[in-house]
Amino acid sequence: MPFPIHRPRRLRSSEPMRRLVRETSLEPTDFILPLFAVEGEGVRKEISSMPGNHQLSIDELLKECAECRELGIGGVILFGIPAHKDEEATGGYDPEGIVQRAVRAIKQEVPGLLVMTDVCNCEYTSHGHCGKIIDGDVDNDITLNWLAAAAVSHAQAGADIVAPSDMMDGRVGAIRTALDSAGFPKVPILSYAAKYASGFYGPFREAAESAPAFGDRRSYQMDPPNWREALREMELDLEEGADMLMVKPALPYLDIIRQARDRFDVPIAAYQVSGEFSMIMAAARNGWIDQDRIMLETLLCCRRAGADFILTYFARDAARLIG
Ligand code: PBG
């Protein structure tokens, strides 16, 4: 029996050896923590399907943000739950809306923390859809006006990055034009470019109280069987002025992240969504898997697929573990 010449195990023989040849890394700055802002004071209401995540009033949110800065994570992304929802999503683009006030408070109290805002209407509409309903469907072009107004109001409040997640056609262009004419040419757009109509958003809709009252989001979010269409969406968003592209969800869509990485030279983000988080937490709480290990493995796999940074409900836990 001749000895094998090639022995890949040589380079796996010890931790220092493995560390030396590791191709992908995880840093706290790779993580963005989603936070949910609500009206009130002293509110810290746990989201039952997302252990460790809460709806937070601004005072409580600030504590969370200070901790994020302490941990050196990449930043936070804000979602707002307004006191009142209406047909026109007015809470979404009200300069005194919940997200706008939250951004101002963070910028004042926790300077240096990167703040992104999610730009969408579904948290603000009484029907839970992402835009203006006409004849039972979301009207694209009217909705663009709401999105542009929301993005400008976020920039006015001090948001570092705006991230439209609605999947209307032409929203990146509309937002870019609105930001530029309002005097915010320097505020970048992180586009949720390849956002699929996914069952993995279930727990988020409890968190944001944004489940659609009728129908679903399949007429605007992408159809899961499609990958070429994702590349087309990304290309269009870049043409319209997107600075960064996002793929969402993350783990079931690693093929899309990889193709985005290979095809485009802008930063690529992945969103490890609520359902991905909740599944890991549920299995871990049953003692079926090792939570810390799976958490880091899934995040690492997003990075290996080509994501530069990851929006994840594990941001704090992961940063603590590797910090
Ligand atoms: C708003 C929005 C959603 C998520 C991010 N932005 C919900 C949806 O599209 O229904 C989902 C995030 C998650 O599941 O963690 N449109």
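A charge sits over a ring if NZ of Lys or CZ of Arg is within 6 Å of the ring centre and within 35 degrees of the ring normal. The first view applies this rule to a predicted model, in which local features need pLDDT of at least 70, side-chain atom pairs count only at pLDDT 80 or more, and totals for chains, interfaces and linings use all residues. Residues are numbered from 1 along each chain as its sequence is written, and side-chain values use heavy atoms, with hydrogens and water left out.

**View 1. Charged ends of K195 and K248 sit over the ring of Y201.**
The charged end of K248 lies 4.4 Å from the centre of the Y201 ring. For K195, the distance to the centre of that ring is 5.5 Å.

**View 2. Y192 and Y271 form a tilted aromatic pair.**
Rings of Phe, Tyr and Trp (its six-membered ring) pair if their centres lie within 6.5 Å; planes under 30 degrees apart count as stacked, over 60 as edge-to-face and the rest as tilted. By this rule there are 10 aromatic pairs. In the pair of Y192 and Y271, the centres are 6.1 Å apart, with 45° between the planes. Y192 belongs to strand 9 (residues 190-195) and Y271 to strand 11 (residues 268-272), so the pair links distant parts of the chain, 79 residues apart. Helices (H or I, at least four residues) and strands (E, at least two) are DSSP runs, numbered from the N terminus. Both Y192 and Y271 are buried. Buried means under 20% relative accessible area, exposed over 50%, and partly exposed in between (1.4 Å probe, protein chains only).

**View 3. F277 and Y313 make a tilted pair.**
The ring centres of F277 and Y313 are 5.8 Å apart and the planes stand at 55°, so the pair is tilted. F277 is in helix 10 (residues 274-285), while Y313 is in the loop between strand 12 (309-312) and helix 12 (315-322), so the pair ties together parts that are 36 residues apart in sequence. F277 is buried, at 2% relative accessible area. Y313 is buried too, at 3%.

**View 4. R44 and E60 meet in a salt bridge.**
A salt bridge is a side-chain nitrogen of Lys or Arg within 4 Å of a carboxyl oxygen of Asp or Glu. The whole structure holds 22 salt bridges. In the one between E60 and R44, the closest N and O atoms are 2.9 Å apart. E60 lies in helix 2 (residues 58-71) and R44 in strand 2 (residues 44-46), so this pair ties together parts that are 16 residues apart in sequence. E60 is buried, with a relative accessible area of 9%. R44 is partly exposed, at 37%. R44 and E60 are linked with K63, E64 and R316 in a network of salt bridges.

**View 5. R176 forms salt bridges with D180 and D243.**
The closest N and O atoms of R176 and D180 are 2.9 Å apart. These two residues are 4 residues apart in helix 6 (residues 171-181), so about one helical turn separates R176 from D180. R176 counts as buried, at 13% relative accessibility. D180 is partly exposed, at 37%. Between R176 and D243, the salt bridge spans 3.9 Å, N to O. D243 is in the loop between helix 8 (228-239) and strand 10 (244-248), so its pair with R176 of helix 6 ties together parts that are 67 residues apart in sequence. D243 is partly exposed, with a relative accessible area of 33%.

**View 6. Strand 4 is mostly covered.**
In strand 4 (residues 75-81), 7 of its 7 residues are buried. G75, I77, F79 and I81 point one way; V76, L78 and G80 point the other way. Two strands pair if DSSP finds at least two bridges between them. Strand 1 (residues 31-38) runs parallel to strand 4, joined by 7 bridges. Here I32 stands opposite G75. Strand 5 (residues 115-119) also runs parallel to strand 4, with 3 bridges. Here L78 stands opposite T117.
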